[in-house]
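The following paragraphs give a guided reading of the structure displayed below.

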Amino acid sequence: MKKEYDFKNIEENLLKEWESSDVFKTEEKEGKTKFYVLEMFPYPSGRIHMGHVRNYAIGDVVNRYLKMKGKNTLHPMGWDAFGMPAENAAIKSGVHPAKWTYENIDYMRKELKRLGFSYDWSREVTTCSPDYYRWNQWIFLKMYEKGIAYRKSAVVNWCPHDMTVLANEQVIEGRCWRCDTPVVQKEIPSWFLRITDYAEVLLDDLEELKGNWPEAVLTMQKNWIGKSTGATIRFPIENSTAVLEVFTTRPDTIFGVTFMALAPEHPLTLELAKGTEQEDQVEEFVNKYLTMPAKERNIVEEKEGVFTGRYAVNPLTGEKIPIWVANYILWGYGTGAIMAVPAHDERDHEFAKKYSIPIKPVIKPVGGEWNYDEKAFEDEGILINSDGFDGLPSSEAKEKITRLLEEKGFGEKTVNFRLRDWNISRQRYWGTPIPIVYCDSCGTVPVPEEDLPVVLPENVQFTGMGNPLSSVEEFVKTKCPKCGKEALRETDTMDTFIDSSWYFLRYCDPKNDKKPFDKEKADYWMPVDLYIGGIEHAVLHLLYARFFTKFLREIGLVDQKEPFKKLLTQGMVLKKWIKIQKFLQIFGLTEENTVGDIYKKFGINKENSTKIEEFLEENHLNINDNAKLLFEKLDLPVEKLKELEEKYGKSDKMSKSKHNTVDPDEMINRYGADTVRLYILFAAPPQNSFDWTDSGIEGAHRFLKRVWNFVTKRADQLKEVEYSHQDFKNLNEEDKKLRRKLHQTIKKVNDDINREYQFNTAIAAIMELFNELTSYKGNNTKLLKECVENLILLLSPFTPFTADAMWREIGNEGFTINQKFPEHKEEALKEETKEIPVQVNGKLRAKIVVPYDADEETVKKLAFENENVKRWTEGKEIIKVIFIKGKILNIVVKG
């Protein structure tokens, strides 16, 4: 008897059962193959979005599938819970960051459970909890012991009003994103991690990830680390004991240096200009660029600079070289100074042309000429105008010139990296306190391990001005761990990327209060076999996690060199939207038309003489905003907007500002969690982005209802049926065809999941099987039971609620995740006969049924016996017969 597909009750009841039975709980099982599947954990912002749903659904299918395949899987979830949004909420609404964060976590946990994700919630990790960040502090102290953590002054974006450091992303057009105060560059003491010590191994070990990580991510990491081989060269400064040190990958161009260029932040910039006629100009120039964030400096198009009034000396020629300060030289990259060779570097060429600086070519193209006045020649070539080195190819000259510099004591061969040490200091409250004390007698003193964690105080005022921790006297004032005298705590907190750099290890042993995790447990589970997340984390989170793993390996906590064996970067969920201008254009309207004209276009019997332009202004709608706003305010039919969106809309990442978001909660309430899961997994391969459409999710829901109706209608009949594979030995042709389709589908689903997790094609195969099942006219109930049972198990990783409910409807007990995932039977795949097309002179004349493995002679015999083939070949000379086994027979005749 068919039952209604009441997905709400089905899902609610099964959620309770799954939770009460701990069906997803995991523990180490020696002798059983493990698989650790992990999605990047979310920031608890309050609600999950469709990007989250897709990411977690991918991991959930992998976990459920492998668990059913007999693997011992680990699939945990936690919260990347420190960060600015919680502190901003405290400033804006007076809600303590902890309260805001934990309330959001509670809500989001319910959302994730509602979607049926198979997480072992007993391993939940929350990074803002002292029992987690205690180990951030412990790892920091270990790094401090090894000299990896250190303190030095650094130039940062500084808001003088809020008295805090700002990330580049928080500087909008040179102003503080929150208070709109002009941002300045300021040098303040900060804590760093010496990630540069690991640059070579981080680069080298990328080779081990080839084939398992996307090539784009490997390339981004390689470029971020940025290894380059060249020479460090020291240029003496005229009338000074100081030298100007530069790094160059082109020592072969040293004879073409016509000026030196310093970054505005370079320590020598202001010092060199002192007492010169240019001192005021240099100071003004430096101040201009010190107030410009590094991010904006990177995109400055016009080259600008000022002569410092001082000269360097070319160590190989003795020539005086003017020293300039230039806006295109960045402090923190290389040495913050360059030897400028305008003939062979386009940026130097542009600068030299602007300021009439000589351009001296020292490399010529092989077998050609070059107009150096028009454009720089940047390739390698043959040396010219290079005393003693003329005629040498660049590659040879680099080595010989570097050797000469070494002999003269002016330089040496150098390997340089673009990677810079990691500044982890944040002048914020909601982060891990840095476990350091400052004592007048003892200096910088680490907090003893037995005193960890250094806990964030709760009685903090959030004014938005400066670091909230600095004003909490009972936190700042402490005793020196060494001498017991009065001392001050460090009030900087750690960058939140620290939290996510090792959380995957904590999941292996989340309740350990003696150490970050037990090595044996980590050795059992690590590395993460499949890590799923956005490509936007390619060079920060993923690089830092690799760095932490290598450090923890050095101190004996892990054996693995790399944390993530395979990386899957999922595509985005997009949705189309229409700008109001585009909407008006579609209907041949402009702002000059009236609202009544829009009604007429839709056949709505309303009058409104208000100009569209006035209506938009009255309702505070910008003309570039989403058309959905206009539809809502004018009470226009939403169905029409859907049509317009699909036809004319622009695909874009879901965003509240574009009004093109889709609320997961709303979709779950309307269609059920299984429908949302099925649609988001079926819409595209995991690595590809796709457009969310209403028709797509409605189609997924219709499919699940059809399957439910088909199964429940036959449930009473199938409950009583038992079968074994011996029952399928003597089937008729129709039964054989259905059983063959079943086992072909089982094989394809397994193949597709194991082949780069191609869930969309696996689901398509299941849908094809279901269509075949619904058209089956036979009455073999044992075969029907085998098909239905396997159909349910095939669907189980994708739609677990519906699968579990149908599993019970047909007389089974328990949960599908505890069943064995279907394996195909080879004998069921075999076809006894095959239909072969027969052509005569390339035109189809017949289709003949032959034995499945029929050879050419057998097929020819059967073909020539066919009446239609006889009609087209009798009495004609046969020139040749073309046979492709299992595919086609083509008879070529004369006349």
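At what angle do helix 25 and helix 26 pack, and how far apart are their axes? This is a predicted model, in which local features need pLDDT of at least 70 and side-chain atom pairs count only at pLDDT 80 or more, while totals for chains, interfaces and linings use all residues. Residues are numbered from 1 along each chain as its sequence is written, and side-chain values use heavy atoms, with hydrogens and water left out. Helix 25 (residues 733-754) and helix 26 (residues 759-774) pack at an angle of about 170°, and their axes are 8 Å apart. Helix 25 is therefore roughly antiparallel to helix 26. Axes here are lines fitted to C-alpha atoms, for helices over the stretch in contact, and angles run from 0 to 180 degrees between N-to-C directions. Angles under 35 degrees count as roughly parallel, over 145 as roughly antiparallel, 65 to 115 as roughly perpendicular and the rest as oblique. Helices (H or I, at least four residues) and strands (E, at least two) are DSSP runs, numbered from the N terminus.

By class, the contact of helix 25 with helix 26 has 10 nonpolar, 2 polar and 6 charged residues. In this division Ala, Val, Leu, Ile, Met, Phe, Trp, Tyr, Cys and Pro count as nonpolar, Asp, Glu, Lys and Arg as charged, and the others, Gly among them, as polar.

The axes of helix 7 (residues 215-225) and helix 16 (residues 541-554) come within 10 Å and cross at roughly 75°, so helix 7 and helix 16 are roughly perpendicular to each other. Helix 7 contributes Val-217, Gln-221, Trp-224 and Ile-225 to the contact, and helix 16 contributes Leu-542, Leu-543 and Arg-546. The residues of this contact divide into 5 nonpolar, 1 polar and 1 charged.

Val-217 is also one of the residues touched by Thr-569, when residues up to four places away in sequence are not counted. Thr-569 lies in strand 27 (residues 567-569) and counts as buried, at 12% relative accessibility. Buried means under 20% relative accessible area, exposed over 50%, and partly exposed in between (1.4 Å probe, protein chains only). Other contacts of Thr-569 include Pro-214, Ile-535 and Pro-686.

The sheets come next. Strands of a sheet pair through backbone hydrogen bonds, either parallel or antiparallel. Strand 13 runs antiparallel to strand 14 (residues 320-326), and 6 bridges join them. Ala-312 stands opposite Ile-321 in strand 14.

Elsewhere, strand 21 (residues 436-439) and strand 22 (residues 443-446) form a hairpin with 3 residues between them. Their antiparallel pairing extends over 4 bridges, and Cys-439 stands opposite Gly-443 in strand 22.

Which residues have the most contacts inside the largest nonpolar core? They are Tyr-36, Met-50, Phe-504, Phe-547, Trp-692 and Phe-798, in a core of 181 residues. Helix 2 (residues 50-68) gives the most to this core, with 10 residues. A nonpolar core is a set of buried Ala, Val, Leu, Ile, Met, Phe, Trp, Tyr and Cys residues joined through side-chain atoms within 4.5 Å. Leaving aside neighbours within four places in sequence, Phe-504 is in contact with residues including Tyr-36, Leu-38, Met-526 and Phe-564. Another core lies apart from the largest one and has 31 residues, among them Phe-255, Val-341, Val-362 and Leu-383.

For the protein chain as a whole, there are 31 helices and 34 strands. Of its 895 residues, 53% count as buried. Along its principal axes the C-alpha trace spans about 105 × 80 × 80 Å.

Methods
Pairing = 2+ DSSP bridges. Contact = heavy atoms within 4.5 Å.
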